[in-house]
Amino acid sequence: MKIGITYNLKDELSPDAIIDTESCEEFDSPLTIDAICGVFEKNGHEIVKLGCGIKIIERLRGEKVDFVFNIAEGCRGRNRESHTPSILEMLDIPYSGSDPLTLGLTLDKVVTKKIAFQAGIPTPRYLVIKTSEDLLFLENKLVYPLITKPAWEGSSKGIYNSSKVFNRQELEKSAELLFKKYPDQPLLAEEYVEGREITAGVIGNEPPRVLGLMEIVNRAGPEEDIFYSLDTKRDWKKLVDYASPPDIEQLIQKHISHYALMAFKEFGCKDVARIDFKISKNNKIFMLEVNPLPGLSPEYADLVIMARKNGIKYDDLILSIFNHALLRYRSGKGDLSYETV
Ligand SMILES: Nc1ncnc2c1ncn2[C@@H]1O[C@H](COP(=O)(O)OP(=O)(O)O)[C@@H](O)[C@H]1O
Ligand SMILES: [Mg+2]
């Protein structure tokens, strides 16, 4: 097949557009793109590197690809992840992964929490903060420690060690920083769940299945809590261990898998997703967020590490995502969504 690949590269932004390195945090490195292209080429496919943005429209018209492997994060706003798949839908080109609606819903953490709540998937209590005045109404509604985060970022953007706050003063400071750094969006003040962290990989459709659960372990301690902040992620080699399967009670693993599959279906994810959870000290499970566009770096992506620890090679992971997407289109259910009751 002739397969296009859509992506955003870390070094593709013009120097003017790069406010700081954090603004490119969710983008991919050329190494990841080459790794994915290599998998397809080894399997006899022709690859066209399409990149991202408006220019892909002309390129897609010229190249006539059969399918697009989409990992583009998009550049601006809370619908950025939906931009590329929307173009592909307009041009009637089949592509891998979730559709624009799912990508839009899940990038917005407030909308995600509302849907999760409605579906009966537990998620930490929170309030939306739009101005510093909103902080006045927060007291007595939530219990410290809290965590502040921008409403529609990913890859721990805007989530620093100082985002875990223990009192009003720290909260105000952290909120001010986010208002400055992300002026276009509200922030969430969410109850911080002290405890272990698990990320769940889900793959396939009809039915999707749990590829694995992986604990993000705090190598530096304390063992019973980890804060996977931007600071921690950037220093992951030193600070983090990954355990998959996790050394956690079977019943808890079963419940997390159940919620992961519930979330995958509830949000209409397709082909692949990674869903993040925390387990409180009294063993309550909380879903933090849904990632229908999980990182695929062969070196440091959580999903790839999880797959490897479960005996799934990089090539097989990529081909599996691709094959699930193909099957979906071939079954004539390219637009499948919703569980039937
Ligand atoms: N309510 C919370 N309680 C405890 N830790 C949290 C909470 N929310 C986020 N975190 C920590 O911050 C990390 C990043 O937050 P997350 O909501 O997953 O955003 P992102 O989209 O940036 O990955 C999580 O992996 C977790 O370690
Ligand atoms: Mg996360």
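Ala325 is buried, since 23 other C-beta atoms sit within 10 Å (buried means 20 or more other C-beta atoms within 10 Å of its own, with C-beta atoms placed from the backbone). Keep in mind that this is a predicted model, where local features need pLDDT of at least 70, side-chain atom pairs count only at pLDDT 80 or more, and totals for chains, interfaces and linings use all residues. Residues are numbered from 1 along each chain as its sequence is written, while chains are lettered from A and ligands numbered from 1 in the order in which they are written.

**Around Ala325**
- You'll find Ala325 in helix α11, residues 314–330 (helices are DSSP runs of H or I with at least four residues, strands are E runs of at least two, and both are numbered from the N terminus).
- Leaving out residues up to four places away in sequence, Ala325 touches Ser96 and Asp271 (contact means C-beta atoms, placed from the backbone, within 7 Å).
- Gly204 is 121 residues away along the chain, with 8.0 Å between its C-alpha atom and that of Ala325.

**Domains**
- The protein chain splits into domain 1 (2–95), domain 2 (127–191) and domain 3 (195–330), with bounds from an automatic or database domain assignment.
- The C-alpha centres of domain 1 and domain 2 are 32 Å apart.
- Four residues of domain 1 are in contact with four residues of domain 2.

**Ligand 1**
- Ligand 1 is surrounded by 21 residues, and the closest are Pro124, Gly154, Ser156, Val193 and Tyr228 (near means a C-beta atom, placed from the backbone, within 6 Å).
- Ligand 1 lies between domain 2 and domain 3 because both give residues to its shell.

Methods: Two residues are in contact if their C-beta atoms, placed from the backbone, lie within 7 Å. A residue is buried if 20 or more other C-beta atoms lie within 10 Å of its own, exposed if 12 or fewer, and partly exposed in between; C-beta atoms are placed from the backbone.
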